[in-house]
Amino acid sequence: MVVSQWETNGKEGIGVIDIGKLRGVIAEQGLSQRKVAEQLGMTEKTFYTKMKKGVFDSTEISAMIELLKIKEPCGIFFAELVS
């Protein structure tokens, strides 16, 4: 799970993305991270960087939910911190 602090358009926030689950869903759909990057309209390098940092904007998250047919996105994109 990646916890990240981000700033977009002057707005700050904290994102919590379960990267392991996201990678699992990508694999379950028979896709590669490269293919997902292409579908999102970004370079492979940009996608890998976003995966590493755990930072995607709402448009990208929405597109991934649709592309990957994610039924419960909160478990991936808004995962809870467990201490």
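Visitor: Let's pick E60: which helix does E60 lie in?

Guide: E60 lies in helix α4, residues 58-67. Before going on: this is a predicted model, where local features need pLDDT of at least 70 and side-chain atom pairs count only at pLDDT 80 or more, while totals for chains, interfaces and linings use all residues. Residues are numbered from 1 along each chain as its sequence is written, and side-chain values use heavy atoms, with hydrogens and water left out.

Helices here are DSSP runs of H or I with at least four residues, strands are runs of E with at least two, and both are numbered from the N terminus. Five helices and two strands turn up, in the order β-β-α-α-α-α-α.

Back to E60, which has 13% relative accessibility and so counts as buried. The cut-offs, with a 1.4 Å probe and protein chains only, are under 20% relative accessible area for buried, over 50% for exposed, and partly exposed in between. Setting aside neighbours within four places in sequence, E60 is in contact with L40, M42 and K50, contact being heavy atoms within 4.5 Å.

L40 takes us to α2, where Q33, V36, A37 and L40 are buried. Down the axis of α2, these buried residues fall within an arc of 100°, so they line one face of the helix; the arc is taken from the directions from the helix axis to the C-beta atoms. They pack against α1, α3 and α4. After α2 comes G41, with a positive phi near 75°.

V36 also belongs to the largest nonpolar core, 18 residues in total, and is among those with the most contacts inside it, along with L22, F47, F56, M64, L68 and F77. Such a core is a set of buried Ala, Val, Leu, Ile, Met, Phe, Trp, Tyr and Cys residues joined through side-chain atoms within 4.5 Å. Two or more residues each come from α1 (19-28), α2 (33-40), α3 (44-53), α4 and α5 (74-77), and α1 gives the most, with four.

F47 and F56 are both buried.
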